[in-house]
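Visitor: I would like to look at how the parts of this structure meet. Can you take me through the contacts?

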Amino acid sequence: MSAPRPTVSHLGTTALLFEAPGETSLDQQQRIWSLARLAETWPEVREAVPGVNNLLVSFRTVPRRFEPLADRLCEAWDSASALSLGGRVIELPVVYGGEGGPHMADVIAHTGLDVEEIVAIHSAPVYPVFALGSHPGYCYLGGMDPRIATPRRQVPVVKIPGGAVSIGGAQTGVSASDGPSGWNTIGSTRMRFFDASRDPPALLQPGDSIAFTVAEIRR
Amino acid sequence: MIEILSRAALASVQDLGRFDAFRWGVGLSGAMDPLALTCGNILLGNEDGAAAVEMQVFPFSVRFEADTLFALTGADCAAMLDGVPLLPWSRAQAKAGAVLRLDHARDGRWRGARAYLCVAGGIDVPEVLGSRSTQLRGAIGGFDGRMLREGDRLPLGRAAGESRGTEIALVPPGLALPLEADGLPAVRVLPAAEYGRFTPASLDAFWREPFRITPQSDRYGFRLAGPGLEPVAPMELRSHGIVPGVIQVPHNGQPIVQMCEGQPSGGYPKVGTVIEADLWRLGQMPIGTRFRFLATDWDGALAALDERQAWLAEVRRLADLLSARSAAR
C-alpha cells in the first residue's frame, strides 16, 4: 500500500492550501516549517504560512496553471526533513472558569470530566507554538491532551476578550485581542501578544512554547 | 487635511490591503470594493492603492481644509459639494472650506453599499506592516487603528502634480461588468477542499437557490441565510490559513463568507471561495440583498481576473486621455 498523499486545494485565486497526510505531531509540524521556508523562495509565492499540519501558500503572481505548482509542493513535502526551531518557553498564569471561562460548562458536559480534572489536564503540558493565525499575534498550540477535546461551537461567539484561553476541537490557544471566535473559552490570562511597532510584531513564533500555570479556579 | 463632520459613521481609512503579514496572524483588511478604490485613484493620477476613506453609513460629511482634487466612487450617494450635485464615479475640485455631503445610497440600476472618497495624493496616515488599511482587530493601521469619528482630521499626501481639473466620470463596473443569475446579482465560486464532503442534495440547493445577506454581516464576514449545507459526515478540521472570499460552513449549515477584515485562518469546513475578481460585487451588496452563487473553475476564475484587469486598463487609458486633453486646453 502506498503512503497517503498530501492534498492541495484552491482558496480562490489568492492562495492554495496544502494539507499534509497523517496525524498532527511536532515532528510533522517541523516538516511543515521546512516546506514553508522552501516555498517562500519560489518567485510566484508571496507568503507560505504554516497552519496546523498544513500550509497556506499565497500568490505574488497567480499561476496560469495550478497543477504544476501543486505537484511541486507535494514533491518538496516528500523530501522535507524536520526543521527544529529552538525557541523560548513563556509562562502564562490562567484563571480557569468563572466569568472569564464562560464555556467551561460545555467542556465539562462534552468530556464528562470535572473542573479540577480539566484544569489539571490543560495545565500539564508545555505547548509548542505550531503556527500563528486567526488574529494578530495568535498562536496555535500543539500537544493538547485529547481527553479534553471539545468540538467548536455551533455558531461562533461574536466577541470574546483578549487573553481568553479556549479549546476548539483537539486544539487550545489564547486570544491575543477582543474578537469573534468559534472556540470554547475556559479561562483567561493577561499577556501582550502583539505590538505592530515591535520587530517582530508578534511575541511568539513557531518553535516557541507556552506553559499554562493555574492562578485560580473559579466556579 | 480633511475633517470628518459626521458622528459614529463607521467610515475607515483603507487601501488595497495588508499583504505579507499573514505570518504574524494579521489579515488582509483593505477596501471592501477594491475596484472602486482603484478607479478613484486612477481618476486622480494616484498610485492604484493610495489610501481612501471607505464610507458605509450615510449621511456622511467632510470638510476640505485646503483646495483638494478628489474622486468619489462606489455607491451612488447623491453627493453634493457645497450644495452642488456631483456625478457618481467622478472627480471634482473642492475649494478650501468646502463641505462634501453624501446621502443614503440611491436605488438605481446598480445599488452599492459602500462609497469611497479618494483624494489626490491619498490619505497620508502612517503605513503599518506595509499598509495604511485600518484593521480593527489589534487596532492596526488607518487612523489610530479605529473607525473615524466626528472631528478627526486626516492628513493628505502630496498630489502627483499635474492638473487634472476637468470633471470626468466613469461608468460604474456594476453596470459595465454585470453578473446576474435569474434576475439576481451573482458571484462566482471556486470549490474548496471540503466541497465534495457535503451531500449532493445540499450542494444542488447551494447552486440553485438564492442566499440572503443577514444583518449580522460586516467587514469581517457576511453571514448568509439560505438552504442549509449538510455534511455527509461531521467534520472537525485542523486550523489553516484562509483568505477573503472563503465560504465557511459552521455546524448550523448556514454559510459565512470571509470578507476583508476576516481572520487569516479558520477551521470550519469550506465549500468554496468567492473568486477574487468578484469579491467587490459582494462587498457592495447591502444587507438584505438576495444573490446567487455561480460555479466556476480555475480557468474561469483566471478569465474573470483578466476581464477585470482589461476593464481597469481601459479606465486608465480613458482617464489619461481626458486628463491630457484638459491639461492641453
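The questions below go through the interfaces of this predicted model.

Visitor: How far apart do the C-alpha centres of domain 1 of chain A and domain 2 of chain A lie?
Guide: Chain A is divided into domain 1, residues 7–79, and domain 2, residues 89–218. Taking the C-alpha centres of these two domains, the distance is 26 Å.

Visitor: What area is buried between domain 1 and domain 2 of chain A?
Guide: Nine residues of domain 1 of chain A are in contact with nine residues of domain 2 of chain A. Carbon and sulfur atoms give 80% of the buried area. The area itself is about 590 Å².

Visitor: Which residues in domain 1 of chain A lose the most area to domain 2?
Guide: Three residues together account for 64% of what the domain 1 side buries. They are Leu26(A), Trp33(A) and Val52(A).

Visitor: How many residue pairs are in polar contact between domain 1 and domain 2 of chain A?
Guide: Salt bridges between these domains of chain A number zero. For polar contacts, both residues must be at pLDDT 80 or more. The count is two.

Visitor: Which element gives the most to the side of domain 1 of chain A that touches domain 2?
Guide: Helix H1 (26–39) and strand E3 (45–50) of chain A each supply at least two residues of that side. By class, the side has five nonpolar, four polar and no charged residues. The element that gives the most, with three residues, is H1(A).

Visitor: Now the two chains. What area is buried between chain B and chain A?
Guide: The contact takes 47 residues from chain B and 58 residues from chain A. Carbon and sulfur atoms give 56% of the buried area. The area is about 4300 Å².

Visitor: Why does the pair Arg46(A) and Asp20(B) count as a salt bridge?
Guide: The rule finds five salt bridges across the interface of chain B and chain A. The cut-off is 4 Å between a side-chain nitrogen of Lys or Arg and a carboxyl oxygen of Asp or Glu. Arg46(A) and Asp20(B) qualify because their closest N and O atoms are apart by 3.5 Å.

Visitor: Which element gives the largest share of the side of chain B that touches chain A?
Guide: Across this interface the rule finds 24 residue pairs in polar contact. Elements of chain B that give two or more residues include strand E13 (184–191), strand E20 (270–274) and helix H5 (298–328). The largest share is five residues, from H5(B).

Visitor: What is the N to O distance in the salt bridge of Glu54(B) and Arg219(B)?
Guide: Across the interface of domain 1 and domain 2 of chain B the rule finds one salt bridge. Residue pairs in polar contact there number ten. Between the side chains of Glu54(B) and Arg219(B), the N to O distance is 2.8 Å.

Note on methods:
Residues numbered from 1 in each chain as written. Chains lettered and ligands numbered in written order. Predicted model: local features only at pLDDT ≥ 70, side-chain atom pairs only at ≥ 80, totals over all residues. Heavy atoms only, no water. Domains from an automatic or database assignment. Contact = heavy atoms within 4.5 Å. Buried area = accessible area lost by both parts, 1.4 Å probe. Polar contact = N/O pair within 3.5 Å; in protein donor to acceptor, adjacent residues only side chain to side chain. Helix = DSSP H or I, 4+ residues; strand = E, 2+ residues; numbered from the N terminus. Nonpolar A, V, L, I, M, F, W, Y, C, P; charged D, E, K, R; others polar.
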